[in-house]
Amino acid sequence: MCILFIYHNPSPSTNSYRLILIANRDEYYARPAKPAHYWKDYPECLGGTDMEPGREGGTWLALAPKKGRIGVLLNLNGTPKSTEGRGRGFLIRDYLTTQENTMSHANNLHETNQNTQCYNPYNLVMIDLRRSDVCYVSSEKGHRGPQILQDKILGFGNSGIETPYKKVLAGKEKFEKLVTNATNSQQNQLIEMLLQFLKQEERYLPDDELKKRSPEAFNELSSIFVRHEMAKYGTRTHSIVLVNHNYQLTFVEETLNSDGTWQRQIFNNQLN
């Protein structure tokens with residue numbers, strides 16, 4: 001489980017933002033992972049990495065700041081997994097490092113997965129800041145293929161975008177209120193408000209779509225911040241990406257430590 005919200009404005013005014021992206025990563029507490037860092041094998045890439053045996057190096061969210069690319073991966077619930085499926089976390093690495101443009105890469109990925117189902121179920125969001133494109137592609141059965149999304153406020157969860165969970169719909173409304181008229185001069189306050197938003201545990205029920213896809217745990221999964229103590233599973237990482245009108249990028253990550261405290265990192269980049 002994960003959740004993602006995006007504010008997207010290709011033509012921002014001075015002192016405002018062209019992109020505000022926030023996301024929660026939900027995972028088993030025991031699954032090993034590294035917090036955000038520049039990758040040794042791909043030094044242009046920045047993000048946390050999975051350290052599960054056989055999945056080392058995969059990721060849920062990462063950036064290639066100098067290329068102006070961001071990738072975010074969300075599990076797709078309610079769809080059978082393949083025992084032969086490749087690690088989904090490498091979908092982001094492949095996007096950040098390819099020389100293909102975003103739509104060509106997305107079309108090739110969609111065609112490959114529709115024909116062979118070589119990856120376990122996913123929703124993938126690929127952002128090209130140079131073209132101001134937000135591209136969505138899913139392995140959902142019957143998915144029509146990659147889409148460039150034009151809406152200023154976007155929300156994604158663990159179902160297809162045509163059948164969103166209630167927490168995604170409600171979260172979009174609250175997120176929009178937070179980011180409307182946000183200014184770069186008040187960035188620190190904005191970051192704190194967005195982090196508090198990502199920590200909300202209000203449950204959005206009833207939710208027939210969530211119950212259909214996750215019948216055993218729909219109550220625990222119905223909030224933006226997930227806490228499923230019995231399963232030892234929940235929200236482990238908050239991510240915020242801010243890109244202002246002048247292409248200055250700020251990446252904030254808060255990661256849950258094993259002792260229950262949160263570790264915050266902030267990375268700053270200037271896109272070429």
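**Strand pairing and packing**

Guide: In this predicted model, the bridge partner of Ala 64 in β6 is Arg 69.

Visitor: How many bridges join β5 to strand β6?

Guide: Strand β6 covers residues 69–75, and its direction relative to β5 is antiparallel. The hairpin of β5 and β6 has four residues between the strands, and Gly 68 takes a positive phi near 70° there. The number of bridges joining β5 to β6 is four.

Visitor: On the β4 side, which residue in β5 does Leu 46 stand opposite?

Guide: Strand β4 spans residues 46–50 and runs antiparallel to β5, with two bridges joining them. The residue in β5 opposite Leu 46 is Leu 63.

Visitor: Are Leu 61, Ala 62, Leu 63 and Ala 64 of strand β5 buried or exposed?

Guide: In a regular strand, side chains alternate between the two faces of the sheet. In β5, Leu 61 and Leu 63 lie on one side, with Ala 62 and Ala 64 on the other. Both faces of the strand are covered, and these four residues are all buried.

Visitor: Which are the edge strands of the open sheet?

Guide: The open sheet has seven strands in the order β3-β4-β5-β6-β7-β8-β9, with antiparallel pairing. An edge strand here pairs on one side only, and this holds for β3 (33–38) and β9 (147–148). Strand β9 pairs with β8 over two bridges, and Cys 135 stands opposite Ile 148. The edge strands are therefore, by the pairing criterion of at least two bridges, β3 and β9.

Visitor: At about what angle to β6 does helix α1 run?

Guide: Helix α1, residues 90–97, lies across β5, β6 and β7. Its angle to β6 is about 165°.

Notes: Residues are numbered from 1 along each chain as its sequence is written. This is a predicted model: local features need pLDDT of at least 70, side-chain atom pairs count only at pLDDT 80 or more; totals for chains, interfaces and linings use all residues. Side-chain values use heavy atoms; hydrogens and water are left out. Buried means under 20% relative accessible area, exposed over 50%, partly exposed in between (1.4 Å probe, protein chains only). Contact means heavy atoms within 4.5 Å. Axes are lines fitted to C-alpha atoms, for helices over the stretch in contact, and angles run from 0 to 180 degrees between N-to-C directions.
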